[in-house]
Amino acid sequence: MSKREFKVWRGDAAGGKFVSYPVDVEEGMVVLDAIHQIQRQQAPDLACRWNCKAAKCGSCSAEVNGKPRLMCKTRLDSLPDGEPVTVHPMRSFPIMRDLVTDVAWNYTVNRKIPPFTPKKDTQWLMQQEDVDRVQEFRKCIECFLCQNVCHVVREHDKKDHFAGPRFFVRIASLEMHPLDSLDRIPLLKKEAGLGLCNITKCCTEVCPEEIHITDNAIIPMKERVVDRYYDPVQIVIRKLTGKDKKD
Amino acid sequence: MSDTSLASASASGGPHGLGATDRRDSWWLGPMLVFLGLVAFGVYSTWAAWTGTDYLLQSHGAYYLSPFYSPDVKDLFGIAPPFSFAFLILWIPLGFRATCYYYRKSYYRAFFLDPVACAVGEPKGRTYRGETAFPFILQNMHRYFFYLATIVLLFLWFDALRAFFFTGPGGHLQFGMGVGSIIMLLNVIALSAFSMGCNSFRHLIGGKMDCFSCSGAARTRYKLWKGVSVFNLRHQEWAWISLFSVGLTDLYIRLCCMGIIHDVRIF
Ligand code: SF4
Ligand code: SF4
Ligand code: FES
């Protein structure tokens, strides 16, 4: 068994700092194990959110050595040896205490998205090729790491005008659904602020479910917004044929 | 919370200052390589287009046309502007790449530092509008550059195939192959692989549909969409491979024209 130094951010909305803790390291340990050991042996009041420890509940998001990660999916042997491991709460959300942030903004955004609404007299039969594309998006565990890393939120603080990558994924899953009847393209362009995304792909880089957020959700949605609002030929064709709804 | 805004929670995001991060890996390496790669290509291609010379190799019966000078509008249509005619064409591939989703990512990061890398701070005091305002709102015209670039690509295919025909002693064209023919063919394959992975193309070919199984036409488009998706997955790689291949093809032809190297005829 070896020892390793952990620098864990401690504090609340008023401020805080990194506090050092030595941790006994065993083979196969993940960062969340170390946090639990610190709670058990040195700091019982250390606040941290977790549930499944299997990378499926999306609760233990934090920034390990500066990178947005799930603590339960970050093995210690994947981090550089011989230097302390830093654990900081997600930087884009208000801090509650220690590693716990208030992610309520995400739920507020979520409620604004009109849910799945089937067509009238839907035949509830789907082909696999129609399911595949949306199934990727269903893997989302709502860890909000993508929301946290996105510079539109993190650096430009556009929470009031931007839904964020997690919700572009959700909207894409509804828009591409063959049995859904609603049109969320105006929502995407206006309230959800899809145009604020500059496709720099940090959301994709951090997604623990490896969803191709940018390539498979955001860019296809941007192209649909182009169809509707920017492509002059399509706009003229729609005007001429009187077809102003989605295909 | 007003009904048109998405949030009410108090914000804790905000500018952290350029380079502010807890990351300890070499996050600056990627953007630096992109910066150097794009600057190097920009300088070389501008110079190569500017010269207006050494773009067509015709020695030993060969006919190798530099991709920067294709189509040869001077030869084909007699268009001879007071500057190098390459500029009459080059805005098309330039516009195609400048509005390409992959290149956008790379230059927003490497040139505009917006963001320079993930979870790394940006310069303070900038107004951010993303792609909602001029000039970046023009990125929405990417598909039109795709259409134009596809026309240019057809000319490049013609040039690459033409490079396999050599003028024989009696003035007849003979099938043959030189190192230059192979280089030109590989280049046009790389350029095609780049175009095939274009996100706008992927949308237009089938991605815009919600139902892939609803008609015979939809099923065909689904298959095409699947094919395009294969190239799309490697769009970044093809972007760089084709950028270098196009520069190196010009360089090869240029050096042959200048007599610095000699094309080897294989048969
Ligand atoms: S690709 Fe868009 S949504 Fe994803 S992190 Fe970058 S700016 Fe944000
Ligand atoms: S899309 Fe990925 S990173 Fe974003 S909330 Fe879902 S699982 Fe987490
Ligand atoms: S997205 Fe890269 S060429 Fe269209």
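Begin by selecting the buried residues of helix α6 of chain A, which pack against α2 (104-111), α3 (128-138), α4 (145-149), α7 (185-189), α8 and α9 of chain A. The model is predicted. Helix α6(A) spans residues 165-175 and is mostly covered, with 9 of its 11 residues buried. To display these, pick A:P165, A:R166, A:F167, A:F168, A:V169, A:R170, A:I171, A:A172 and A:E175.

**Ligand 1**

Keep A:P165 highlighted and bring ligand 1 into view. A:P165 is among the closest residues to this ligand, together with A:C150, A:C197, A:C202 and A:C203. In total, 13 residues surround ligand 1. Sorted by class, this shell holds 8 nonpolar, 4 polar and 1 charged residues. Colour the helices next: α5 (151-154), α8 (202-206) and α9 (213-230) of chain A each contribute at least two residues to the shell.

**The two domains of chain A**

Now colour chain A by domain. The domain assignment places residues 2-101 in domain 1 and residues 104-241 in domain 2. The centres of the two domains, taken over C-alpha atoms, are 31 Å apart. Across the boundary, 12 residues of domain 1 are in contact with 13 residues of domain 2. On the domain 1 side of this contact there are 6 nonpolar, 3 polar and 3 charged residues.

**Strand β3 of chain A**

Move to residues 61-64 of chain A, which form strand β3.

A:E63 stands opposite A:P68 in β4(A), and its bridge partner in β5(A) is A:H88.

**The largest nonpolar core**

Next, select A:V31, A:M71, A:V87, A:C146, A:V149, A:F168 and A:V169. Of the 109 residues in the largest nonpolar core, these touch the most other members. Helix α9 (residues 235-257) of chain B gives the most to this core, with 7 residues. Domain 1 (2-101) and domain 2 (104-241) of chain A both give residues to the core, so it lies between them.

Centre on A:M71 to inspect its surroundings. Leaving aside residues up to four places away in sequence, A:M71 touches A:V30, A:V31, A:L32, A:I35, A:C60, A:A62 and A:V64.

**Between chains A and B**

Finally, show both chains. How many residues of chain B are in contact with chain A? There are 46, and they meet 57 residues of chain A. On the chain B side, α4 (101-110), α7 (199-207) and α8 (216-233) each give two or more residues. The most comes from α4(B), with 5 residues. This side of chain B divides into 15 nonpolar, 19 polar and 12 charged residues.

Conventions. Residues numbered from 1 in each chain as written. Chains lettered and ligands numbered in written order. Predicted model: local features only at pLDDT ≥ 70, side-chain atom pairs only at ≥ 80, totals over all residues. Near = placed C-beta within 6 Å. Helix = DSSP H or I, 4+ residues; strand = E, 2+ residues; numbered from the N terminus. Nonpolar A, V, L, I, M, F, W, Y, C, P; charged D, E, K, R; others polar. Contact = placed C-beta atoms within 7 Å. Buried ≥ 20, exposed ≤ 12 C-beta atoms within 10 Å, placed from the backbone. Domains from an automatic or database assignment. Pairing = 2+ DSSP bridges. Core = buried A, V, L, I, M, F, W, Y, C linked by C-beta atoms within 7 Å.
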